Amino acid sequence: MKKFELLKALGAGDFQHLNGSLEVHLKGTAAILQQWHSRDVLVDAGLFHAAYGTAGFDENMVSLSQRHEIASVIGEEAESLVYLYCSCDRDNVFAQFGHKKFILFRDRFTDTQFELTDEKAADFCELTVANELELVLADASFKAKYGAELLELFLRMDNYLSDAAQSAYRASLEEFF
C-alpha cells in the first residue's frame with residue numbers, strides 16, 4: 001500500500017485504535033472494499049478514511065489544511081469521500097437512513113448541511129459498512145457490544161449498499177438477526 005506510505009510522508013503518525021493500530025485498521029478497511037470489488041476511488045478512500053479524524057475517532061492523522069496534498073496522493077474524488085466520511089455528524093446523519101427519502105448531511109467541521117446525492121450516499125454507506133465490519137471481524141468484544149446496533153444501521157442503509165456489502169454484513173452479524 002504505497003499510497004499509505006505517502007500519507008506518512010505528509011506527517012501522518014500512527015495512533016492506537018480500538019483493535020490496535022489505526023494503520024492496521026485503515027489497511028483492513030481498504031482490503032474489505034477490495035474484496036467487494038469496489039472501484040479504486042472507494043478503496044483509496046477506505047485506506048485514508050480517518051485521515052482528518054471522525055465523529056467516532058477524534059485523532060486526526062493530518063490537518064484539514066492538507067486536503068490538497070491528500071488529493072494529490074489519492075485523487076480529488078477519493079479525497080472528497082474521505083472528507084465526507086470524516087466530516088459526518090454521525091448522530092444526525094445515521095438517524096436518517098431508512099426514515100427519510102433524502103439524506104440531509106451535516107458537516108461537523110463547518111456546521112453546514114446539504115442533501116446527499118444517491119451516489120454519494122452509496123459511497124458513504126459502503127465505506128461505513130467496511131469500516132465497522134473491519135472492527136467486528138477483528139474483535140469479538142466489539143462485535144458483542146455493537147453488533148445488534150450495527151445490524152440495525154446496516155439494514156436501514158441496504159438501499160445504498162452493494163450486494164457484496166450486504167452479504168458481508170449479513171454473514172458477519174447473522175447471530176443478531
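Over the ring of which residue does the charged end of Arg67 sit? In this predicted model, the ring is that of Tyr83, and the charged end of Arg67 lies 3.9 Å from its centre.

**View 1. Arg67 and the ring of Tyr83.** The close-up shows the charged end of Arg67 placed over the ring of Tyr83. Tyr83 itself is buried, its relative accessible area being 13%, and this residue belongs to helix H5, which covers residues 76–87.

**View 2. The tilted pair of Tyr83 and Phe109.** A search of the whole structure gives 10 aromatic pairs. In one of them, the ring centres of Tyr83 and Phe109 are 5.7 Å apart and the ring planes meet at 50°, so the pair is classed as tilted. Because Tyr83 lies in helix H5 and Phe109 in the loop between strand S3 (104–107) and strand S4 (112–115), the pair ties together parts that are 26 residues apart in sequence. Phe109 has a relative accessibility of 30% and therefore counts as partly exposed.

**View 3. The edge-to-face pair of Phe97 and Tyr160.** Here the ring centres are 5.7 Å apart and the planes stand at 85°, so Phe97 and Tyr160 form an edge-to-face pair. Phe97 is found in the loop between helix H6 (90–94) and S3, and Tyr160 in the loop between helix H8 (140–157) and helix H9 (163–172), so that distant parts of the chain, 63 residues apart, are linked by the pair. Both Phe97 and Tyr160 are buried.

**View 4. The aromatic cluster that includes Phe97 and Tyr160.** One aromatic cluster is formed by Tyr85, Phe94, Phe97, Phe105, Phe114, Phe124 and Tyr160.

Terms used:
Residues numbered from 1 in each chain as written. Predicted model: local features only at pLDDT ≥ 70, side-chain atom pairs only at ≥ 80, totals over all residues. Heavy atoms only, no water. Phe/Tyr/Trp six-rings, centres within 6.5 Å; stacked < 30°, edge-to-face > 60°. Helix = DSSP H or I, 4+ residues; strand = E, 2+ residues; numbered from the N terminus. Buried < 20%, exposed > 50% of the residue type's maximum accessible area, 1.4 Å probe, protein only. Lys NZ or Arg CZ within 6 Å of the ring centre and 35° of its normal.
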